[in-house]
Every structure is written in structure tokens, then in C-alpha cells.
Amino acid sequence: MTLTAVELLEVLWGRASTAPASPSQLRVLLMLEHQDGINLRTLADSLASTPPSTSRLCDRLVAAGFVERAVSPADRREVRLHLSSRGRAFLDDLRARRERELHAVLELMPAAKRTALLEGLEAFCNTAALQIHDTAPDAGDQTA
């Protein structure tokens, strides 16, 4: 059931195209949104990629106006990556389009089922965030 839900969500979100950014570029944009000013090596490690491949990926995002490069004030050899205002606007627009697609489905669900889904998703988000940040949730924080 979980895989089916993920696949259906991908189909819904696919209706809200990520063009002109590829899925890999979208990952970079999302990472920069949450880790503004990271360097290329850190980004490459986070993507499980090589610095040259990540650099080319960023070159395309810079050319599209979604990412800006800046020399680190601490080390002139280090380049920091920042999401540009155009990149932020792109992510905001993408989220709005995805939200519209999702709302169209949610409006057709019975209210009690929507409430249960929201509670379950909140628990999922809390637990996933803890796992991503390598911390275990407190036993008292978990809900069944």
C-alpha cells in the first residue's frame, strides 16, 4: 500500500512538471534551500556524487539563474552555493502547483479520512526528520 501511495503521489506531482529543472537539479535546489551556502564538496557528498559531476550540475543551475556562486569569506579557494531569488521563486511555484494537484484529490476524500491522513503524515514527518538528522525519537514522542 505504501509503494502504491508513493507512486500515485509521483503521478500527481508529475502533473506539476519540474521543468525546466531535471530531478537531479531539483534535488540540488532543495538541498540549497535547507543548507544555504554549502560548498561544492559538501553538496557532492550529500548527493553521493563526484565534485566534477556536481560542478557541471551546478553550472547548469547557475546558467538558468537558479543558483549563485560566491567566494567564501573564510577561504578564497572555496566556493559557496546559494539559491537565487529566481530559484526560490521556482520552488515556491512548484510547491503551489503540487499542492493544487494534491488538494484536488483530498477534496474528494471524506473529512474523517483526511484528518486521519493528516495525523499520520505529521507523525511520519517528525519521525523521518529525526532519522534524517541521525537522532532517534524519544519513546514518549512516538504515536501509534
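In which helix is the place of Arg97? Arg97 lies in helix H5, and the close-up views below, all taken from a predicted model, include this residue.

View 1. Helices (H or I, at least four residues) and strands (E, at least two) are DSSP runs, numbered from the N terminus. Arg97 counts as buried because its relative accessibility is 19%, where buried means under 20% relative accessible area, exposed over 50% and partly exposed in between (1.4 Å probe, protein chains only). Apart from neighbours within four places in sequence, Arg97 is in contact (heavy atoms within 4.5 Å) with Ala16, Ser17 and Phe90.

**View 2. The aromatic pair of Phe66 and Phe90.** The structure holds 1 aromatic pair. Phe66 and Phe90 are stacked, at 5.0 Å centre to centre and with 25° between the planes. Rings of Phe, Tyr and Trp (its six-membered ring) pair if their centres lie within 6.5 Å; planes under 30 degrees apart count as stacked, over 60 as edge-to-face and the rest as tilted. Distant parts of the chain are linked by this pair, 24 residues apart: Phe66 is in the loop between helix H4 (51–63) and strand S1 (67–71), and Phe90 is in helix H5 (residues 85–106). Both Phe66 and Phe90 are buried.

**View 3. The largest nonpolar core.** A nonpolar core is a set of buried Ala, Val, Leu, Ile, Met, Phe, Trp, Tyr and Cys residues joined through side-chain atoms within 4.5 Å. Among its 19 residues, Val28, Leu29, Leu32, Leu43, Phe66, Val67 and Phe90 touch the most other members. At least two residues of this core come from each of helix H2 (23–34), helix H3 (40–47), H4, strand S2 (79–83) and H5, and H2 supplies the largest share, 5 residues.

**View 4. Helix H2 and its cover.** H2 has 12 residues and spans 17 Å from first C-alpha to last, close to the 16 Å expected at 1.5 Å a residue, a value taken as 1.5 Å times one less than the number of residues. Its buried residues are Gln25, Leu26, Val28, Leu29, Met31 and Leu32; their cover includes H3, H4, S1, S2 and H5.

**View 5. Ile38 in the loop between H2 and H3.** Ile38 counts as buried because its relative accessibility is 10%. The C-alpha atoms of Ile38 and Leu81, 43 residues apart along the chain, are separated by 5.7 Å.

**Notes.** Residues are numbered from 1 along each chain as its sequence is written, and side-chain values use heavy atoms, with hydrogens and water left out. In this predicted model, local features need pLDDT of at least 70 and side-chain atom pairs count only at pLDDT 80 or more, whereas totals for chains, interfaces and linings use all residues.
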